[in-house]
Amino acid sequence: MSKLGIFVDRKTLSNSEQLNALIHCRDVAEEMGHSANFLFPVDINKIPKMDALFIRARTDPMNVTYVASRMAEMHGIPVIDDPQSIQICGDKINMYSHLQKKGVSLPKTVFLSKNDLSVERVARLFDDMGSPLIIKEPSTSFSLRVEKVTDIAEFFHVAHRFIKMSDWIVVQQFVQSTYDWRVGVLGGELLYACKYTIPSVTFKIQASVNGHIVYCGVESVPENAVPPHVIQLGIDAAKAIGTGLYGVDIKNNNGDACVIEVNDNPSLESGEDADYPFVYEKIVSHLFAK
Ligand SMILES: Nc1ncnc2c1ncn2[C@@H]1O[C@H](COP(=O)(O)OP(=O)(O)O)[C@@H](O)[C@H]1O
Ligand SMILES: [Mg+2]
């Protein structure tokens, strides 16, 4: 019997949807003849005893999940997410650079260093990419440090805040849409697809509005109802990062699709996979096929 380690933390379990998804994952692994073991950060030393590791806790190149992933890799244990994917997806400059190198379609994107922050340079960005512009702090996640700015003063206000955390910021053309496609890819193949509907009070799939967090709606979409070029773009974007599990965010404006982000550790607990009953079977098979 092979042992699957499912790496979780207190935060993962504090949410009932997440908990149900994890229990489902465990049941699937057991039905497939494996044993499933939840591992918390204090159990990190048990990783070498596992035959595969599935990380279901927030990944960050600076936190314990990265150490868990590295540990698995060092012991030759198949792991999702692998350390390279965590590192690439945890830094938007690194992630977009991988996509650009493979010619994956993106909104117009510029990396600005602290020293590039002049009024002339910013004015030129508005001329080249239009208004509004999107500014991202490279280590952002959950839409936390992604802002829309409409003029030079607003640009500097946000840029100064972000540049305290990073030597670089990402500036991007704003792409209008009412929802993001989320294309789930595993091992270079489509795993699931859904729509994240953007709340009307914001432009992001999740935001703090007047002190309240608003979340996107989630709608699973069967493969035959997803535009094929969106699926292909998701696969191409995922392949530019690696061979693991990714959630690719895509905007498809007038049929002109572009990638907004590739996420490692994509969430599966909000009904993303409702039309795809074999997501966990595929993940477990993928881990044990290596
Ligand atoms: N260029 C853009 N144009 C329009 N909306 C964007 C753009 N970039 C990001 N967004 C919106 O902001 C959200 C957060 O951006 P994202 O790059 O995914 O950062 P994070 O890693 O913090 O989630 C996205 O889901 C998308 O809805
Ligand atoms: Mg995102």
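These legends walk you through a few close-up views of a predicted model.

Local features here need pLDDT of at least 70, side-chain atom pairs count only at pLDDT 80 or more, and totals for chains, interfaces and linings use all residues. Residues are numbered from 1 along each chain as its sequence is written, and side-chain values use heavy atoms, with hydrogens and water left out.

View 1. The protein splits into domain 1 (3-81), domain 2 (89-104 + 176-264) and domain 3 (109-173). These bounds come from an automatic or database domain assignment. Between the C-alpha centres of domain 1 and domain 3 there are 36 Å.

**View 2. Who sits around ligand 1?** There are 20 residues around ligand 1, and Lys92, Lys136, Thr140, Ser143 and Glu261 come nearest (a residue counts as near if one of its heavy atoms lies within 4 Å). Domain 2 and domain 3 each give at least three residues to this shell.

**View 3. Polar contacts of ligand 1.** A polar contact is a pair of N or O atoms within 3.5 Å. Look for a polar side-chain atom of Lys92, 2.6 Å from an oxygen atom of the ligand. Gln172 has a polar side-chain atom 3.1 Å from a ligand nitrogen atom, while Gln173 uses a polar backbone atom, 2.9 Å from a nitrogen atom of ligand 1. On its own, ligand 1 has 550 Å² of accessible area, and the protein covers 98% of that (Shrake-Rupley method, 1.4 Å probe).

Conventions:
Chains lettered and ligands numbered in written order. Polar contact = N/O pair within 3.5 Å; in protein donor to acceptor, adjacent residues only side chain to side chain.
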